[in-house]
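Please look at the fold as a whole before turning to single residues. The account is meant to be read alongside the sequence and the coordinates.

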Amino acid sequence: MSRGGAAEHGTAKPQDRGWAWMVLLAAVVLQGLTLGFPACIGVFFTDLQHEFQASNSETSWFPSILVAVLHGGG
């Protein structure tokens, strides 16, 4: 004797009512904004280098720490 239900017919009824797509879209937008920020802020480093007469190695610590915190912070 088997129990009736959707498993018997081979199809499962969706439980999220379409909200999974909205969560996926929000996660993609959030990842794009947070991981794209360190790459976009690098445009200002050339101005900072000229203003403070600094080399690449003296200004590269900031994006390195920023990316490490983004990836390590969870």
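The paragraphs below go from the overall chain to one helix and then to contacts between side chains.

This is a predicted model, in which local features need pLDDT of at least 70 and side-chain atom pairs count only at pLDDT 80 or more, whereas totals for chains, interfaces and linings use all residues. Residues are numbered from 1 along each chain as its sequence is written, and side-chain values use heavy atoms, with hydrogens and water left out.

The secondary structure of the protein chain consists of five helices and zero strands, where helices (H or I, at least four residues) and strands (E, at least two) are DSSP runs numbered from the N terminus. Along the sequence this gives the pattern α-α-α-α-α. Of the 74 residues in the chain, 7% are buried, a term that stands for under 20% relative accessible area, with exposed meaning over 50% and partly exposed lying in between (1.4 Å probe, protein chains only).

Helix α2, residues 19-41, has 23 residues and reaches 33 Å from its first C-alpha to its last, close to the 33 Å expected at 1.5 Å a residue; the expected span is 1.5 Å times one less than the number of residues. Within α2 there is a kink of about 30° at L35, shortly before the proline P38, the bend at a residue being the angle between axes fitted to the seven residues ending there and the seven starting there. An unreviewed UniProt entry carries the annotation "transmembrane region" for residues 20-45; UniProt positions are given here in the numbering of this model, feature names are shortened, and annotations may be inferred rather than shown by experiment. Over residues 20-45 the chain is 88% helix and 0% strand, with the end C-alpha atoms 39 Å apart.

The next group of residues involves helices α3 and α4. Q49 has its place in helix α3 and, at 17% relative accessibility, counts as buried. T59, in helix α4 (residues 56-59), is likewise buried, with a relative accessible area of 14%. The side chains of T59 and Q49 make a polar contact of 3.0 Å, which here denotes a pair of N or O atoms within 3.5 Å; within protein, one must be able to donate a hydrogen and the other to accept it, and residues adjacent in sequence count only if both atoms are side-chain atoms. Leaving aside neighbours within four places in sequence, Q49 is in contact (heavy atoms within 4.5 Å) with A54, S55, N56 and T59, while T59, on the same terms, is in contact with Q49 and A54. L48, in helix α3 (residues 45-52), is partly exposed at 38%, and its C-alpha atom is separated by 8.2 Å from that of T59, eleven residues apart along the chain.

Which aromatic residues form one cluster? A search of the whole structure finds two aromatic pairs. F45 and F62 form an edge-to-face pair, 6.1 Å centre to centre with 80° between the planes; rings of Phe, Tyr and Trp (its six-membered ring) pair if their centres lie within 6.5 Å, and planes under 30 degrees apart count as stacked, over 60 as edge-to-face and the rest as tilted. This pair links distant parts of the chain, with F45 in helix α3 and F62 in helix α5 (residues 61-72), 17 residues apart. W61 and F62 form an edge-to-face pair at 6.0 Å and 85°. F45, W61 and F62 thus form one aromatic cluster, in which F45 is buried at 14%, F62 is partly exposed at 33% and W61 is exposed at 52%.
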